[in-house]
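Subject: Structure handover

Hello,

Here is the structure I promised to pass on. Please open it and keep it beside this email as you read.

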Amino acid sequence: MKSGSEKISWEEAVLWLRSQPDQAELVKSCYYDDPIVAVAERFYASTEWQEVRKLIGPARGKALDIGAGRGISSFALAKDGWATVALEPDPSQLVGAGSIRTLAEEAGLHIEVVQTWGEQLPFESSSFELVHVRQTLHHARDLRQLCREIGRVLKPGGMIIATREHVLSHRSDLDEFLKMHPLHHLYGGENAFLLDEYLTAIRAGGIKITRVLNPYESEINSFPGTLNTIRARIAHKLRLPSPVLVPDFVLSLAGRLLNYPGRMYTFMGYKRDNA
């Protein structure tokens with residue numbers, strides 16, 4: 001472990017987290033444990049992926065998974081029948097492109113791995129029916145440029161889904177979010193944006209936004225928690241006898257009222273035909 005203010009790599013940060021006995025639950029919920037095929041299968045069976053699958057529908061061509069990390073979402077896309085390209089700049093065998101190659105080989109799935117950043121995508125325009133982005137837009141070095149590139153490589157009518165993106169109410173809240181994050185103090189790679197900054201950047205890519213899901217509107221954002229747990233908390237506060245008495249619109253309203261730094265949102269949209 002490096003000392004002082006010197007930052008370590010993302011791989012080293014994850015290895016440190018895995019070495020902490022009291023962080024085993026966090027390691028598992030973040031899919032940082034092993035063996036990698038079992039981890040990917042667990043993600044594939046999760047309520048998070050089940051909800052993503054409902055939103056994107058059945059496989060219908062090529063999918064680009066930007067910021068693919070260990071490859072769990074690339075695995076899920078490929079297993080569902082998408083012709084999958086995983087984009088990941090980190091070469092790491094644990095948390096990057098090396099892990100994706102190992103996962104694809106061991107699982108017997110074809111996943112093309114491209115090792116680069118998303119702000120300059122090495123693909124022809126109108127190449128993909130789907131761009132999937134999990135916990136990645138908030139890591140963008142240039143959010144608008146990344147979204148412009150996403151719009152460029154999507155086919156007209158193609159879909160983008162960006163899940164579990166950290167949202168701030170005010171830019172001044174960023175420091176509080178970074179202090180709360182369990183790994184930022186080690187590797188310094190976390191970030192978050194205002195909700196309007198995400199929406200503006202996505203629209204600037206020629207994308208029509210069709211869904212904006214707040215933290216209480218989807219299992220995607222609440223995982224590893226559940227909406228049932230959230231309903232139970234709200235029912236308790238409202239003194240209702242059962243969580244089933246909390247309707248969806250109350251969940252949605254409660255989610256919109258949240259203001260803690262780094263809460264998770266999911267965005268979905270389509271490339272405009274004339275973009």
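Predicted model: local features only at pLDDT ≥ 70, side-chain atom pairs only at ≥ 80, totals over all residues.

**Helices H3 and H6**

Start with helix H3, residues 36-45, and helix H6, residues 97-107. They pack with their axes 9 Å apart, at an angle of about 85°. Angles of 65 to 115 degrees count as roughly perpendicular. H3 and H6 are therefore roughly perpendicular to each other.

Which residues meet here? H3 brings Ile36, Val37 and Ala40. H6 brings Ser99, Leu103, Glu106 and Ala107. Five residues of this contact are nonpolar, one is polar and one is charged.

**The buried face of H10**

Now go to helix H10, residues 195-204. Its buried residues are Tyr198, Leu199, Ala201 and Ile202. Look down the axis of H10: these buried residues fall within an arc of 165°, so they line one face of the helix.

What does that face pack against? One partner of the buried residues is a helix, H7 (143-153). The others are strands: S5 (154-168), S6 (193-194), S7 (207-213) and S8 (263-271).

Check what comes after H10, too. Gly206 follows the helix, and its phi is positive, near 80°.

**Helices H7 and H10**

The axes of H7 and H10 come within 7 Å. They cross at roughly 40°. That makes H7 and H10 oblique to each other. The crossing is right-handed.

From H7, the contact uses Leu143, Arg144, Cys147 and Arg148. From H10, it uses Glu197, Tyr198, Thr200, Ala201, Ile202 and Ala204. Sorted by class, six residues in this contact are nonpolar, one is polar and three are charged.

**Asn214 in its loop**

Last, find Asn214. It sits in the loop between S7 and helix H11 (219-222). Is Asn214 buried or exposed? The cut-off for buried is under 20% relative accessible area. Asn214 has 1%, so it is buried.

What does Asn214 touch? Leave out residues up to four places away in sequence. Then Asn214 touches Asn221, Ser252, Gly255, Arg256, Met264 and Tyr265.

Best wishes

Notes: Residues numbered from 1 in each chain as written. Heavy atoms only, no water. Axes fitted to C-alpha atoms, helices over the stretch in contact; angles between N-to-C directions. Helix = DSSP H or I, 4+ residues; strand = E, 2+ residues; numbered from the N terminus. Parallel < 35°, antiparallel > 145°, perpendicular 65-115°, else oblique. Contact = heavy atoms within 4.5 Å. Nonpolar A, V, L, I, M, F, W, Y, C, P; charged D, E, K, R; others polar. Buried < 20%, exposed > 50% of the residue type's maximum accessible area, 1.4 Å probe, protein only. Arc of directions from axis to C-beta. Left-handed = near helix turned anticlockwise from the far one by under 90°.
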